[in-house]
Amino acid sequence: MGILLSCFILLLSQLTSAAVKQKKTPIAHANDYLGMKYRKDGARNLSGTYTTFQNPALKFTTPGLNCSGLVLELARKIRNVPFTIAAAKFDRNSNSQKNSSLGEDWDFGLDLILNLSEGLKRKIILPDKGDSKIKGRGFNLHLEENWHQVIKKFRKNHLYFATINKPYRKKNYKLIYYHVALILPEEDEHVWFYHSTQKSHVHRFDIGTEKGLERLLYQFSESSFGAKYILIIEVPNNNAA
């Protein structure tokens with residue numbers, strides 16, 4: 001009886017260990033989407049249908065995500081939370097509706113990363129030095145020194161939701177949070193920036209390297225209306241293996 005019990009405990013231990021080893025890392029989840037086509041306003045609902053944020057009744061037979069759709073997908077997978085499209089785009093301050101004096105969806109990216117990090121302890125990541133920080137907007141993303149300072153603050157087992165904003169002068173807009181991304185640091189000092197763009201679709205680059213940082217700066221060159229800023233929010237990965 002004692003031998004049988006010992007064998008059972010050993011088998012249970014091995015199965016538990018295997019389950020832990022098979023648990024997907026955030027990087028592995030994010031890599032599943034690399035190469036997926038960009039679709040304007042593209043998202044996926046909880047039933048698995050590809051649709052759009054603006055019109056969830058639309059159905060597409062092929063995959064396609066915009067930057068917000070990608071970050072929504074990754075938040076679902078990594079946090080293991082079934083965020084709906086409505087929950088992801090919830091207008092937190094009721095100030096960006098169709099007839100808003102600030103412009104429709106002017107802070108969509110900001111709302112999205114706050115909604116997807118809801119319930120977790122948040123920390124805004126900023127460079128220590130310089131005067132290139134603006135409350136609520138983050139830091140000037142064109143300055144390499146800002147990135148050198150910020151990257152040093154990224155920690156293992158944490159997720160970094162990011163939204164890029166810029167001055168905007170069309171219609172009645174003044175500012176627009178127009179792009180989002182997810183930054184995932186890796187143990188070997190890689191810092192992966194995941195996002196979806198019209199030209200490059202879903203892709204990543206390592207902003208912990210000079211080449212990767214150059215690519216980020218190239219993709220987000222300064223706007224004709226002024227400098228672009230990036231707001232990065234750190235949250236713990238409570239589902240870390």
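Reader: Is tyrosine 173 buried or exposed?
Author: This is a predicted model, where local features need pLDDT of at least 70 and side-chain atom pairs count only at pLDDT 80 or more, while totals for chains, interfaces and linings use all residues. Residues are numbered from 1 along each chain as its sequence is written, and side-chain values use heavy atoms, leaving out hydrogens and water. Relative accessible area (1.4 Å probe, protein chains only) under 20% means buried, over 50% exposed and in between partly exposed. With a value of 14%, tyrosine 173 is therefore buried.

Reader: How many residues of helix 5 are buried?
Author: Helices here are DSSP runs of H or I with at least four residues, strands are runs of E with at least two, and both are numbered from the N terminus. The buried residues of helix 5 pack against helix 3, helix 4, strand 6, strand 7 and strand 10. Helix 5 (residues 108-116) is largely enclosed by the rest of the structure, because its buried residues number nine of the nine.

Reader: Which residues does serine 68 contact, leaving aside its neighbours within four places in sequence?
Author: Serine 68 sits in helix 3 and is buried at 5% relative accessibility. Contact means heavy atoms within 4.5 Å. With those sequence neighbours left aside, the partners of serine 68 are Phe53, Phe108, Leu112 and Val180.

Reader: How are helix 6 and helix 7 oriented to each other?
Author: Axes are lines fitted to C-alpha atoms, for helices over the stretch in contact, with angles from 0 to 180 degrees between N-to-C directions. Helix 6 (residues 144-151) and helix 7 (residues 210-219) pack at about 130 degrees, with axes 11 Å apart. Angles under 35 degrees are roughly parallel, over 145 roughly antiparallel, 65 to 115 roughly perpendicular and the rest oblique. The two helices are therefore oblique.
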